[in-house]
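Colleague: I have a structure open and would like to learn how to read it. Could you take me through some features one at a time?

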Amino acid sequence: MTTYTAINLIKRPTGGPINADLFEVVQKPMPTVGEGEFLVKQSHMSLDPAMFGWMSPDTNSYIPPVGLGDVMRSSGIGEIVESNHPDFNVGDRMMGMMGWQEYFLSNGQGLNKVTAPLPDEAILSVFALPGLTATQGLFNVGKPKKGETIIVTGAAGSVGSIVGQLAKADGLKVIGVVGSDEKADWVVNELGFDAAINYKSDDLDAQLAEHTADGIDLYFENTGGAIQSLIVDRMNPHGRVMVCGLIADYANEVPTPGPSWLNVIKRRLTIQGFTMPDHFHEVPALLEKLTPYVMAGKIKHRSHVLEGLESSIGGLNLFFTGENKGKLIVKL
């Protein structure tokens with residue numbers, strides 16, 4: 001083999017669905033592996049809502065946008081097929097930001113060895129960005145206490161589902177907000193959430209009142225939308241809000257208005273946005289925190305697997321339609 005396939009970003013999205021003309025599928029020459037380097041053959045790539053921000057022209061963000069003409073950014077998992085690095089051997093499984101491409105040349109920086117005895121899909125669903133984000137947001141930002149009530153939006157998604165299960169394992173009451181009755185059934189009957197609310201149903205305020213009679217202590221926000229203000233209205237004094245994502249606004253030129261600052265004052269709320277690039281240096285500690293829950297069987301997941309590198313392009317639109325069931329993964 002003398003070439004491999006990669007997908008470059010060549011245009012910025014302008015709102016609405018992600019179209020193929022934003023990308024260019026290219027053939028690249030196989031790299032030469034130099035001293036202190038190794039070559040990874042990717043097997044699976046992760047699709048994540050954060051990608052919409054990475055494609056935007058916004059330079060005033062937590063991470064620079066993907067450059068036009070550069071390989072689209074993504075995390076993935078694969079196996080070393082050639083190595084000239086003393087610390088990495090052929091056959092080692094590696095995880096990290098490798099982009100939309102079949103092969104990735106590395107000196108080891110930014111990649112982590114995978115040692116957990118789990119399939120690649122499970123690793124990407126739990127130990128990659130979803131699990132790291134859930135662990136950082138819940139424990140280090142939210143600082144939950146046993147007996148508290150947490151509400152998680154996007155609760156059937158890759159991050160929200162892990163947040164809810166971690167919180168439940170630590171003795172919290174967990175309410176999930178989802179986009180379908182099927183997802184509500186899954187988070188309650190499979191993942192063990194105490195209740196779930198379909199945000200597309202009626203009487204959202206009444207449903208919140210029913211399931212959070214003692215108020216809400218923690219709010220893990222993944223989606224945005226109209227239910228946002230209703231949740232803040234029910235928060236207890238000194239509640240904590242972890243703002244992880246706002247998928248409902250990613251395609252909007254003007255974001256929808258958020259909750260009133262009056263509630264923030266009256267309830268003395270702590271609101272903190274966070275993103276994982278700030279914490280990549282803490283990945284070993286986050287994995288150390290997360291792994292016991294996983295190995296004890298307290299974290300379930302489901303994967304939505306797309307076939308082939310080019311399925312990444314259309315697959316991003318599943319985040320807008322909500323048709324994905326589980327962690328979105330591309331199998332190469």
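Modeller: Let's begin with the names: helices (H or I, at least four residues) and strands (E, at least two) are DSSP runs, numbered from the N terminus. This is a predicted model, where local features need pLDDT of at least 70 and side-chain atom pairs count only at pLDDT 80 or more, while totals for chains, interfaces and linings use all residues. Residues are numbered from 1 along each chain as its sequence is written, and side-chain values use heavy atoms, with hydrogens and water left out.

Colleague: Which helix gives the largest share of the lining of the largest cavity?

Modeller: A cavity is a set of points on a 1 Å grid over the protein atoms alone where a 1.4 Å probe fits but cannot get out; lining residues have an atom within 4 Å of a point. Helix H4 (residues 158-169) supplies that largest share, three residues. The whole lining is Ser125, Ala156, Gly157, Ser158, Ser161, Ile162, Trp186, His301, Arg302, Gly326 and Lys327.

Colleague: On to helix packing. At what angle do H2 and H3 pack?

Modeller: Axes are lines fitted to C-alpha atoms, for helices over the stretch in contact, and angles run from 0 to 180 degrees between N-to-C directions. H2 (residues 120-127) and H3 (residues 129-142) sit at about 25°, with axes 3 Å apart. That makes H2 roughly parallel to H3 (the label for angles under 35 degrees; 65 to 115 is roughly perpendicular). On the H2 side, Leu124, Ser125, Val126 and Phe127 make the contact, with Leu129, Pro130, Gly131 and Leu132 from H3; contact means heavy atoms within 4.5 Å. The classes come to six nonpolar, two polar and no charged residues.

Colleague: How do H3 and H9 pack?

Modeller: H9 covers residues 283-295, and its angle with H3 is about 90°, the axes being 9 Å apart. The two are therefore roughly perpendicular. Gly131, Leu132, Thr135, Gln136, Phe139 and Asn140 of H3 meet Val283, Leu286, Leu287, Lys289, Leu290 and Tyr293 of H9. Seven nonpolar, four polar and one charged residues make up this contact.

Colleague: How many residues of H3 are buried?

Modeller: Buried means under 20% relative accessible area, exposed over 50%, partly exposed in between (1.4 Å probe, protein chains only). In H3, 13 of the 14 residues are buried, so the helix is largely enclosed by the rest of the structure. Serine 106, in strand E6 (residues 103-106), counts as buried too, at 6%. Its C-alpha lies 5.5 Å from that of glutamate 37, 69 residues away along the chain.

Terms used:
Parallel < 35°, antiparallel > 145°, perpendicular 65-115°, else oblique. Nonpolar A, V, L, I, M, F, W, Y, C, P; charged D, E, K, R; others polar. 1 Å grid on protein atoms, 1.4 Å probe; cavity = no way out; pocket = protein on both sides within 12 Å on 5 of 7 lines; lining within 4 Å.
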